[in-house]
Amino acid sequence: MDRAELSIVCQQLGQPAFRGAQIARWLYDKGVRDFASMTNLPSGLREEIARSHSIFRCEVSAKARSADNATKYLLKLADAQTIESVLLPYPDRTSVCVSTQIGCPAGCVFCATAMCGFVRNLSAGEIADQVLTLQQDGGQRISHVVMMGMGEPLLNFDNVIKALHLLNDEIGIGMRRMTISSVGISPAIDKLRDLDLQITLAISLHAPEDNLRQKLVPVSRKYPLDELMRSCTDYTNHTRRRITFEYLLLAGVNDSVEQALALAELLRGSLCNVNLIPYNEVQGLDYKRPTRDAISAFRNVLQESGIEVTQRMERGHSISAACGQLRRRHISD
Ligand code: SF4
């Protein structure tokens with residue numbers, strides 16, 4: 001709940017509305033886990049609200065730190081389901097990668113999360129709570145959030161939008177410092193466009209043509225590239241925000257120079273940049289990471305076509321940083 005909703009609860013309990021803002025501060029600034037700790041509330045209110053409401057916070061079930069200081073968390077929810085989140089400290093900021101669903105219905109063939117199927121959507125509170133929990137456990141203020149963990153955020157649209165508002169209004173993370181990463185659910189991109197948020201939208205393309213894309217990202221059969229690129233153009237025209245196109249490089253699958261040329265052609269004239277992500281190999285899947293030479297040849301083609309290209313910084317390679325791998329290991333243990 002945000003402070004407006006908490007104020008309504010307080011008013012329904014016969015209390016002044018400002019008590020809602022006080023509760024919000026205890027929850028989101030101090031991160032308390034029970035009403036009894038909210039010492040500036042009248043004790044009667046603390047007892048009454050504890051009878052009618054609960055505070056659900058996740059618990060840290062496991063964590064693994066890589067040599068470069070990225071920490072992957074396995075978090076246990078109130079119903080004992082588990083999700084992954086990653087804390088990524090950089091010299092100038094601290095970022096958290098959060099999950100938006102338990103498992104994922106998108107079915108990407110290279111993904112460890114997809115191998116476990118789809119369980120359920122996360123609530124807005126469960127999404128925002130990952131940031132609070134990692135902020136408390138890591139002892140450092142989170143400045144950036146990427147919705148790039150388990151799940152397809154735009155298939156959990158309402159909860160994701162509410163989580164963005166909770167993170168912005170209650171936890172104080174600027175909209176411009178939050179990124180939604182999607183495989184490209186065109187109707188949801190259109191809805192997002194109309195909300196005019198200042199977030200960054202990242203679209204996972206992974207292939208420059210429909211045949212291969214539909215094999216790699218099965219959910220994209222419903223949203224062919226023509227339709228997706230139309231939604232993306234409308235989005236950038238409306239918001240004037242640049243889209244990041246993510247491209248996972250899989251050796252011998254989508255990393256040829258011809259495919260780089262086709263990608264450059266697809267994106268010609270778009271307000272965008274491309275983020276190349278060399279694949280993190282997943283146990284049980286045959287996909288491989290391309291060679292350094294193949295990666296730079298691909299990158300050169302895009303750059304020579306005038307496209308701005310970044311390559312994802314290698315963080316957490318040694319801790320199975322690709323989403324879903326820690327949870328999968330935990331489930332099979
Ligand atoms: S890569 Fe992302 S969208 Fe695709 S199955 Fe995995 S979690 Fe879902």
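Residues are numbered from 1 along each chain as its sequence is written, and side-chain values use heavy atoms, with hydrogens and water left out. Because the model is predicted, local features need pLDDT of at least 70 and side-chain atom pairs count only at pLDDT 80 or more, while totals for chains, interfaces and linings use all residues.

The ligand is surrounded by 10 residues (a heavy atom within 4 Å), the closest being Cys-104, Cys-108, Cys-111, Gly-151 and Val-183.

Turning to the strands (DSSP runs of E, at least two residues, numbered from the N terminus), E2 spans residues 71–76 and has 5 of its 6 residues buried (under 20% relative accessible area with a 1.4 Å probe, protein chains only; exposed is over 50% and partly exposed lies in between). E2 runs antiparallel to E1 (residues 59–65), joined by 6 bridges (pairing requires at least two DSSP bridges), and Lys-76 of E2 is the bridge partner of Glu-59. E2 also pairs with E3 (residues 82–89), again in the antiparallel sense over 6 bridges, with Lys-72 opposite Val-86.

Salt bridges (a side-chain nitrogen of Lys or Arg within 4 Å of a carboxyl oxygen of Asp or Glu) number 18. Arg-120 and Asp-79 form one of them, with the closest N and O atoms 2.9 Å apart. Arg-120 lies in strand E6 (residues 118–121) and Asp-79 in the loop between E2 and E3, so the pair ties together parts 41 residues apart in sequence. Arg-120 is partly exposed at 23% relative accessibility, as is Asp-79 at 40%.

Definitions and conventions
Helix = DSSP H or I, 4+ residues; strand = E, 2+ residues; numbered from the N terminus.
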